[in-house]
Amino acid sequence: MVYSVFYYASEAITRAVVGLALKIYESIHRRRMVERKEREARRPRPWGFFETTNPSGIREYTWVGRATNLTVSIPEFIKLPINAHKTEKPPTRLYFTFAEAASKDWFKEIEWLAEQAEKRAGGG
Amino acid sequence: MFLEVVLEEDSRCQRCAKLVHALRKMCDDLNIPFIEKYLENRAVAAFEEPSVTRTFSREWIEKWGLPEHKKSLKKIEKVLAFLQERKAGSYPCVIIRWHDGIRLKEIVIRGFEPDSKEADAYLANLYVLLKMLKKVVYRR
């Protein structure tokens, strides 16, 4: 009787110790779960008629499709009854030096400068 | 919609000559129009100046410059006046110009050092930019 009590007690303790050691080992070597990042919701693309100026300086109405990338331009030779979105932003020109263009962060810089230009053109 | 690369150069500029080959090869590879524009002594119009000359002026920095430029404006004011007096240009000057259907956009990059370490990185950056712009402009 006494023998079996000692036997079972020592077995339980051994199991606990070995189990704990295995759990610690597993937790050390466990791969981290990669959680899926929440993507930012895309802003809906503007669509419809836009008042634009083509490279030759002629004002025109440009239709930009909603579901497709279809673009159609109609030169404004006569007054057309179209309620077009106004794009009053002027042409953008960004300046860089050789050192800036050769750096790794050049593309970030372009984005940042373009944002500044957009803000300025928007009157901000 | 269009995308083009313009190189403003001077016939006496050796750096420009080295950049021309690399740029032309790049544009041929990507099938983008490449235009060489000679200024200074070979300019078509005598008054034509490089597109960066106007940026070396007090007025330009006050209107378009970044806050950092405006801070150092007082220090460099005399230098700017001197550069404007001499109509100093900076060669070569690469202009990447595109029209995305709504308005004209330009990226102007001045200077090139063919023997520097950064030359390869510069050309690689230009190639990536042109490839990306081609996709954006022509949506292909």
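Which residue stands opposite B:Glu8 in β3(B)? Select β3(B) and find B:Cys93, which stands opposite B:Glu8.

This is a predicted model, in which local features need pLDDT of at least 70, side-chain atom pairs count only at pLDDT 80 or more, and totals for chains, interfaces and linings use all residues. Residues are numbered from 1 along each chain as its sequence is written, with chains lettered from A and ligands numbered from 1 in the order in which they are written.

**Stop one: the strands of chain B.** Stay on β3(B), a DSSP run of E with at least two residues. In β3(B), 6 of 7 residues are buried (20 or more other C-beta atoms within 10 Å of their own, C-beta atoms being placed from the backbone). β3(B) pairs with β1(B), antiparallel, over 7 bridges; pairing takes at least two DSSP bridges. Now go to the hairpin turn, with 4 residues between β3(B) and β4(B). B:Gly101 there has a positive phi of about 100 degrees.

**Stop two: across to chain A.** Select β5(A). It runs parallel to β4(B), over 6 bridges. A:Leu94 stands opposite B:Ile107. The contact (C-beta atoms within 7 Å) takes 21 residues from chain A and 22 from chain B. β5(A) gives the most to chain A's side, with 6 residues.

**Stop three: B:Val5.** Among the residues B:Val5 touches are B:Leu23, B:Phe34 and B:Ile96.

Key: Two residues are in contact if their C-beta atoms, placed from the backbone, lie within 7 Å. A residue is buried if 20 or more other C-beta atoms lie within 10 Å of its own, exposed if 12 or fewer, and partly exposed in between; C-beta atoms are placed from the backbone. Lists of a residue's contacts leave out its neighbours within four places in sequence.
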